[in-house]
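Please read it alongside the sequence and coordinates shown here.

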Amino acid sequence: MEYGSISREIHIEATPEVVYQVISRPEHLREWWPDEAELETPVPGGTGTVSFGSGPEAKVEPLTVVEADPPRRFAFRWVCEDGETAGPGNSLLVTFDLVPVGNGTLLRFSEAGFREKGWEAAVLEEAYQDHVRGWDYFLPRLVGYAAKVATR
């Protein structure tokens, strides 16, 4: 099996402007993805964290915004070793491309960089499968939440 990247295409009943806010603003992110999100500003070079779980067991992941082109594209790097600056080869790249379709948005999602991390085969497969399960859970939550925001 190929463990290079994860890709999904999903239709969302909300405009690209609404979807962009939902994928780039911490107050919206925490409604569909992490338990907690902090992000200085959603601009290239902006940094923040996402946290899953709470208390001492919480998994906190730093993220760095790579691209911010409202309302077309938002991309960030995450999952890098403590103390390292996220970049090609040491982190995963998440990209959201937003394409207007009628009154809604076609969201093209990808997460890449698994092989470039240099993990041994078993670790690579486990991390990849974990992220597939995660995105299969969280992306439908994004769809529902964005549609709800669009009706406000």
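N90 is buried, with a relative accessible area of 16%, where buried stands for under 20% relative accessible area, exposed for over 50% and partly exposed for what lies in between (1.4 Å probe, protein chains only). The model is a predicted one, in which local features need pLDDT of at least 70 and side-chain atom pairs count only at pLDDT 80 or more, whereas totals for chains, interfaces and linings use all residues. Residues are numbered from 1 along each chain as its sequence is written, and side-chain values use heavy atoms, with hydrogens and water left out.

N90 sits in the loop between β5 and β6; helices (H or I, at least four residues) and strands (E, at least two) are DSSP runs, numbered from the N terminus. Leaving aside neighbours within four places in sequence, N90 is in contact (heavy atoms within 4.5 Å) with V79, C80, E81, E84, T85 and K117.

Strand β5 (residues 73–78) is mostly covered, since five of its six residues are buried. Strands count as paired if DSSP finds at least two bridges between them. Strand β4 (residues 59–69) and β5 run antiparallel and are joined by six bridges, with a hairpin of three residues leading from β4 to β5 and D69 standing opposite R73 in β5. Six bridges also join β5 to strand β6 (residues 92–101), again in an antiparallel arrangement, and here A75 has T95 in β6 as its bridge partner.

**Aromatic pairs**

Rings of Phe, Tyr and Trp (its six-membered ring) are taken to pair if their centres lie within 6.5 Å, and planes under 30 degrees apart count as stacked, over 60 as edge-to-face and the rest as tilted. By this rule the count comes to 17 aromatic pairs. One of them is the edge-to-face pair of W33 and F52, with 5.7 Å from centre to centre and 70 degrees between the planes. This pair links distant parts of the chain, 19 residues apart, as W33 lies in the loop between α2 (26–32) and β2 (36–39) and F52 in strand β3 (residues 47–52). W33 counts as buried at 4% relative accessibility, whereas F52 is partly exposed, with a relative accessible area of 23%.

The rings of F114 and Y128 have their centres 5.2 Å apart and their planes at 75 degrees, so this pair is edge-to-face. Because F114 belongs to the loop between β7 (104–112) and α3 (121–150) and Y128 to helix α3, the pair ties together parts that are 14 residues apart in sequence. F114 is buried, with a relative accessible area of 0%, and Y128 is buried too, with a value of 8%.

Ring pairs also link Y20, W32, W33, F52, F74, F76, W78, F96, F109, W135, Y137 and F138 into a cluster. Which residues does R141 touch, not counting residues up to four places away in sequence? R141 touches E31 and W32, and its own place is in helix α3. The C-alpha atoms of R141 and W33 are separated by 7.6 Å, although the two residues are 108 residues apart along the chain. R141 is partly exposed, with a relative accessible area of 34%.

**Salt bridges**

A salt bridge is a side-chain nitrogen of Lys or Arg within 4 Å of a carboxyl oxygen of Asp or Glu, and by this rule the count comes to eight salt bridges.

D136 counts as partly exposed at 42% relative accessibility, and R8 is partly exposed, with a relative accessible area of 26%. The pair of E9 in strand β1 and R108 in strand β7 likewise links distant parts of the chain, 99 residues apart; E9 is exposed, with a relative accessible area of 54%, while R108 is partly exposed at 37%. In the remaining tabulated pair, E61 is buried, with a relative accessible area of 8%. Beyond these pairs, E67, R73 and D97 are linked in a network of salt bridges.
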